[in-house]
Amino acid sequence: MELGGLGWIFAVNLIIWTGLFVFLLRIERRIAGLEAAGKGR
Amino acid sequence: MTRTISLGLRALLWLVMSTCIWGAFFYAWSDPAFVGQSSRILFFHVPMAWTSFVAYFAAAVWSARYLWGGRQMRHDRAAAAAVECGVLFGVLATVTGSLWARIEWGAYWNWDPRQTSIVVVLLFYGAYLALRSAMADREIRARISSVYALIALVVTPFFYFIVPRITESLHPEPVLNKEAKLDVDPRMFQVLIASALTYSILFFWIHNLRARTQALADAREDEPS
């Protein structure tokens, strides 16, 4: 496989990982919000 | 922990994982014993398999804490979340392993001892999840599934670490071979170890989110209607 091919696969993996990371951050923010709302009651 | 430190640690995780991905493709050599560049999938497959074992081990620890640490439900929730994560990483390891097997051995599934043993463990923990879903009473569910998770940890290391070393397999030699010697190129080893540690940290983050979600669900269930 040429280096160009590896570059593409690396980029795709990085995009998948970054997408997962952002997704987890958003879930964490939502959970923190729900926990704070629960404590406030 | 302040929000800034928390975000900083997560940004560091993103950076370290990205570096591991870069290392998998541009730092480590492609093993000439394998077809083309296919050996690079091992930098994802092996850490996923390792992380699934870490998750199962963590489930047993939290199960023990539940049984002998005051029967606190948060320990049971943590154990269940760990098993869910372990199954997730186990499935990912099986899928990536099958993709690699297609390239190397010509078929996605070969009944290779290592392929088969990871699926046996997946079925074992799948049964744990099925057992939990069949019991409505939280305390009975927690007690029975804690005992199950502890028994499972007796079985799991056998399938993960013993079976690959006592059977003839199509699989490449493990990183620590039968003579307990490191049998891998140094650069490959560095990327493997870094990836395994990073995936393990990722597991603890996902686990934390899952356990907190379950705690919120339990709290909502307990609210007077």
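Predicted model: local features only at pLDDT ≥ 70, side-chain atom pairs only at ≥ 80, totals over all residues.
The largest nonpolar core has 48 residues, and among its members Ala55(B), Ala59(B), Ala79(B), Ala82(B) and Val83(B) touch the most other members. The elements of chain B that give two or more residues to this core are helix 1 (3–27), helix 2 (42–68), helix 3 (73–105), helix 4 (113–133), helix 5 (138–166) and helix 6 (186–222). Helix 2 of chain B gives the most, with 16 residues. To follow one member in detail, look at Ala82(B), which touches Ala55(B), Ala58(B), Ala59(B), Trp62(B) and His207(B) when residues up to four places away in sequence are not counted.

Two packed helices are described by the angle between their axes and the distance between the axes. Helix 4 of chain B packs with helix 5 of chain B at an angle of about 180°, and the axes of the pair are 10 Å apart. Because angles over 145 degrees count as roughly antiparallel, helix 4 of chain B is described as roughly antiparallel to helix 5 of chain B. Helix 4 of chain B contributes residues including Val120(B), Phe124(B) and Tyr128(B) to this contact, while helix 5 of chain B contributes residues including Tyr148(B), Ala152(B) and Phe159(B). Sorted by class, the residues of this contact between helix 4 and helix 5 of chain B are 15 nonpolar, three polar and three charged.

Finally, turn to the place where the chains touch, a contact that takes 16 residues from chain A and 16 residues from chain B. The side of chain A that touches chain B is made up of twelve nonpolar, two polar and two charged residues.

Terms used. Residues numbered from 1 in each chain as written. Chains lettered and ligands numbered in written order. Core = buried A, V, L, I, M, F, W, Y, C linked by C-beta atoms within 7 Å. Buried ≥ 20, exposed ≤ 12 C-beta atoms within 10 Å, placed from the backbone. Helix = DSSP H or I, 4+ residues; strand = E, 2+ residues; numbered from the N terminus. Contact = placed C-beta atoms within 7 Å. Nonpolar A, V, L, I, M, F, W, Y, C, P; charged D, E, K, R; others polar. Axes fitted to C-alpha atoms, helices over the stretch in contact; angles between N-to-C directions. Parallel < 35°, antiparallel > 145°, perpendicular 65-115°, else oblique.
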